[in-house]
Amino acid sequence: GGYVVHVCSVGEGSWSSVTVGGDVVAKVDYDRRRDVAPNHTMTHVLNFALRKVLGDSVDQRGSLVDQDKLRFDFSHKKAMTAAQVSQVEQMA
């Protein structure tokens, strides 16, 4: 279980035509998607590296991914050591 959130913009004056169960047309911004994709992929690589170094007790708590950066939020039972950080950086 989880959530899928879609952000959209609706043309001016169009809210009255948006109804539950109504049809919508989705358009993908492929230029932006191309720019965001490498950082999105790196969230998966980072999650993998954290689990290899720290074990299965790593829990992803969220992330922010855009074309300029990524932020990966996670929890673990204790702080990472400098050696563990270095291992994860080398893997990622």
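Colleague: How many salt bridges does a search of the whole structure find?

Modeller: Five, going through the whole structure. Keep in mind this is a predicted model.

Colleague: Okay, which residue does Arg34 form a salt bridge with?

Modeller: Asp35, and their closest N and O atoms are 3.2 Å apart.

Colleague: Is Arg34 buried or exposed?

Modeller: Exposed, because its relative accessible area is 52% and the cut-off for exposed is over 50%. Asp35 has 37%, so it counts as partly exposed.

Colleague: What about Asp66, which residue does it pair with?

Modeller: Asp66 bridges to Lys69, with 3.1 Å between the closest N and O atoms. Asp66 is buried, because its relative accessibility is 16% and buried means under 20%. Lys69, on the other hand, is partly exposed at 45%.

Colleague: And Asp73, what's its partner?

Modeller: Arg71, where the closest N and O atoms sit 3.0 Å apart. Asp73 is partly exposed with a relative accessible area of 27%, and Arg71 is partly exposed too, with 43%.

Colleague: Switching to the surface: which residues make the nonpolar patch?

Modeller: Tyr3, Val5 and Val7, and the patch covers about 480 Å².

Colleague: Where does Tyr3 lie?

Modeller: In the segment before α1, the helix that spans 30-54.

Colleague: Why does Tyr3 count as exposed?

Modeller: Because its relative accessibility is 82%, and anything over 50% is called exposed.

Technical notes:
Residues numbered from 1 in each chain as written. Predicted model: local features only at pLDDT ≥ 70, side-chain atom pairs only at ≥ 80, totals over all residues. Heavy atoms only, no water. Patch = residues over 30% accessible without salt bridge, like charges linked within 9 Å, V, L, I, M, F, W, Y side chains within 5 Å. Areas by Shrake-Rupley, 256 points an atom, 1.4 Å probe, with all protein chains shown as cover. Salt bridge = Lys/Arg side-chain N within 4 Å of Asp/Glu carboxyl O. Helix = DSSP H or I, 4+ residues; strand = E, 2+ residues; numbered from the N terminus. Buried < 20%, exposed > 50% of the residue type's maximum accessible area, 1.4 Å probe, protein only.
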